[in-house]
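Before the individual residues are discussed, please examine the sequence and the model.

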Amino acid sequence: MKSKVLILALALAATTLGASAQRVLDISMKPRAEINPEMYGIFFEDINFGADGGLYAELVKNRSFEFDYPLMGWTPFGRVSVETEHPAFERNPHYVRLTGGDGYKKSGLQNDGFVDGMGVKSGAEYRLSFYARVQSGAPVKLRFELITNDNNIMTAKEIEVSSPEWEKQTLLLKARKDDAHARLRMTLLSSGTVDVEHISLFPVDTWKGRENGLRKDLAQALCDLHPGVLRFPGGCIVEGTTIANRYQWKNTVGAVENRPCNDNRWHYSFRDRLYPDYFQSCGLGFYEYMLLCEDIGAQPLPVLNCGMACQYQSCELVPLDSLQPYIQDAIDLVEFANGDTSTVWGRLRADMGHPAPFGLKYIAVGNEQWGEEFVKREALFVEALRRRCPEILVVGSAGPLSDGEQFDYLWQEMKRLRVDLVDEHYYRPPEWFFANADRYDAYDRKAPKVYAGEYASHHKTRANNFEAALSEAAFLTGVERNADVVRLATYAPLFAHAEAWQWRPDLIWFDNTRVLLTPNYYVQQLYSLNKGTHTLALTENGVPPTGQEGLYASAVLDKERSCVVVKAVNASDREMPLVVRLNGLSRKQAPAAEGTVVYMQSDDGSAVNTFDNPAAVVPHTEAIALSADGCTFTAMPYSFQIVTIPLIRK
Ligand code: AHR
């Protein structure tokens, strides 16, 4: 690995420890803390085109003509105007009016997709839908075409519009080739005038085959993480740059056509990565979010605005005496998720297709807030939620920083308010993650629990490289050891479009047709798949390995799978022979003859997975022989390993 800091830190070790000295890891078989089954989760925010242009499978950008410039994303030709009179959808009033051209010159529009076109697959079907009405008495004909990247017509269909009232029309287009940069073109073939609104194109083959669905490959990547919890929708997007463009969950439920389009703050958050065409359609809203949670077995963890806009930007505050609607939003969200169908919001959920409750149990109030004004607002939410929704676990916040004066102040206040969990964020360099594997060892066991709500190792290159992933694996041994204190953890952010990102590192990269899993993804997945049910004390010479001579380790018991799982990171540049000793096995229990070791290793800390080489850093699995009380194995330099020791009855 190329980290000089790490090499220096370990140089001492190289001189004091023989190259092949065995290190003994003693594991006490007495189960300690119960591990939250929801412990390892994911954090979804519409950043880096993660929702529109990403997980949300809609292919048409600005389908409702509601961006600041209503024709953004569209190339009109012929006679096209934008109108708002007698709209089809009152909250999305803009639509286009096409008037038939004379002779050869036609009128129409072409859509460029979210990021340089639309990804389509040969043979796959795409469901096109739109709303239209004729302005002239006579019916008109519209032609829809999928256009290849090199401007050829891939497939086309014509459809007649005859109603003078808004009417939904649907047709299927079949792609004739693979194309990551296809376009959709609509042309009015007849004379006459037609109004068209909400032009939408989805693959038929979405995740679970749902209309208004999710991109299957990306949803599958989430599912494969087996996340326990899914934080949504942010992140700073919750706060908004201003109060006006904060995320409002009520605007994201009900008919998609009538969900008002919102700014996406990530279109202008970084001046050097400006994406002026980045808005939120809210098509992936709170209903779709909760369905996804259900599909992948994750608990929803919604984050709500606490009456404050981003404190790095406008710092707008909702006066305390005007906060009630914000608090009511939180209470209504519980009703939307859990209420029976006789309630207003429970009824809406049922009408949308899910009569059964979603079983919401967490709500986070505020994202990266700080200061007294935050505490005052948080207090009002906590009080109301306790009274109206006592079943809900309330997540407070320790602000945007991993430590410092504000962090300490907020922790003290969150204790005073008796929130259930405190959301901590840390975007720090790999050295910090390596150095903080003992972060939670001395945390107050009686205080609110910790939710590591946003974290990622930020290498100076900001790459999702192996050094960053290894440092996260090392840090997580400390999280695991302290699973009585840290009840939830979600890496951040989740998705990034490789050709249109604002922030990195990110767990999963994708483009219009492909998905790329990072080394960091595999670390998360390995923890999630091997979380166990109870922590076990693991020590070397009486103390937990938290980086001594480059070793980090923790252990869990999995009562359901009947095994012990040891996680070990060797962050040094030398092989590390390890002896794992299970102490206190019952007389009826013994390790099986063989276990497994899953490992990730690279001598190159800068190694990354790429679309051309997606398996540069991935886990490998091998069998390992077990002894009567454990096993012996050698951890390679710069490696993360998970050793599973199945227990059998003697
Ligand atoms: O994950 C990206 C951003 O990082 C989140 O929106 C914010 O909460 C944090 O600062």
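**Residues, helix packing and overall form**

Student: Is Ser639 buried or exposed, and what is its relative accessible area?
Tutor: Residues are classed by relative accessible area, with buried meaning under 20%, exposed over 50% and partly exposed in between (1.4 Å probe, protein chains only). Ser639 belongs to strand S35; strands are DSSP runs of E with at least two residues, helices are runs of H or I with at least four, and both are numbered from the N terminus. Ser639 counts as buried because its relative accessible area is 0%.

Student: What kind of model is this?
Tutor: Residues are numbered from 1 along each chain as its sequence is written, and side-chain values use heavy atoms, leaving out hydrogens and water. Local features need pLDDT of at least 70, side-chain atom pairs count only at pLDDT 80 or more, and totals for chains, interfaces and linings use all residues, for this is a predicted model.

Student: Which residues does Ser639 contact, leaving aside neighbours within four places in sequence?
Tutor: A contact requires heavy atoms within 4.5 Å. The C-alpha atom of Ser639 is 6.6 Å from that of Ala571, 68 residues away along the chain. With neighbours within four places in sequence left aside, the contacts of Ser639 are Leu470, Ala568, Val569, Asn570, Met600 and Gln601.

Student: What is the phi of Tyr638 near?
Tutor: Most residues other than glycine have a negative phi. Tyr638 lies in the loop between strand S34 (630-635) and strand S35 (639-649), and it is buried, as its relative accessible area is 4%. Its phi is positive although the residue is not a glycine, with a value near 50 degrees.

Student: Which accessibility class does His226 fall into?
Tutor: His226, in the loop between helix H2 (216-223) and S14, also has a positive phi, of about 50 degrees, without being a glycine. Its relative accessibility is 44%, so His226 is partly exposed.

Student: Which residues does Gly297 touch, not counting those up to four places away in sequence?
Tutor: Gly297 sits in the loop between helix H4 (286-296) and strand S17 (299-304), and it is exposed, since its relative accessible area is 56%. Its C-alpha atom lies 7.1 Å from that of Pro227, although 70 residues separate them along the chain. Beyond residues up to four places away, Gly297 touches Pro227 and Gly228.

Student: What is omega near for the peptide bond from Ala492 to Pro493?
Tutor: Most peptide bonds are trans. The bond from Phe232 to Pro233 is cis, with omega near 5 degrees, and Pro233 lies in the loop between strand S14 (229-232) and helix H3 (236-239). Pro493 is in the loop between strand S22 (486-491) and strand S23 (495-497). The bond from Ala492 to Pro493 is also cis, with omega near -20 degrees.

Student: How many Å separate the C-alpha atoms of Pro519 and Ala492?
Tutor: Pro519 is part of helix H11 (residues 519-529) and is buried, because its relative accessible area is 0%. Leaving aside neighbours within four places in sequence, its contacts include Phe466, Met600 and Val617. Pro519 and Ala492 are 27 residues apart along the chain, and their C-alpha atoms are separated by 14 Å.

Student: What is the handedness of the crossing of H5 and H7?
Tutor: Helix H5 (residues 324-338) and helix H7 (residues 372-388) pack at about 35 degrees with their axes 10 Å apart; axes are lines fitted to C-alpha atoms over the stretch in contact, and angles run from 0 to 180 degrees between N-to-C directions. The contact is made by Tyr326, Ile327, Gln328, Ala330 and Ile331 of H5 and Leu380, Phe381, Ala384, Leu385 and Arg388 of H7. A crossing is right-handed if the near helix is turned clockwise from the far one by less than a right angle, and left-handed if anticlockwise. The crossing of H5 and H7 is right-handed.

Student: What percentage of the 650 residues is buried?
Tutor: The C-alpha trace spans about 90 × 55 × 50 Å along its principal axes. Among contacts between residues at least 6 apart in sequence, 78% join residues at least 24 apart. Of the 650 residues, the buried ones make up 61%.
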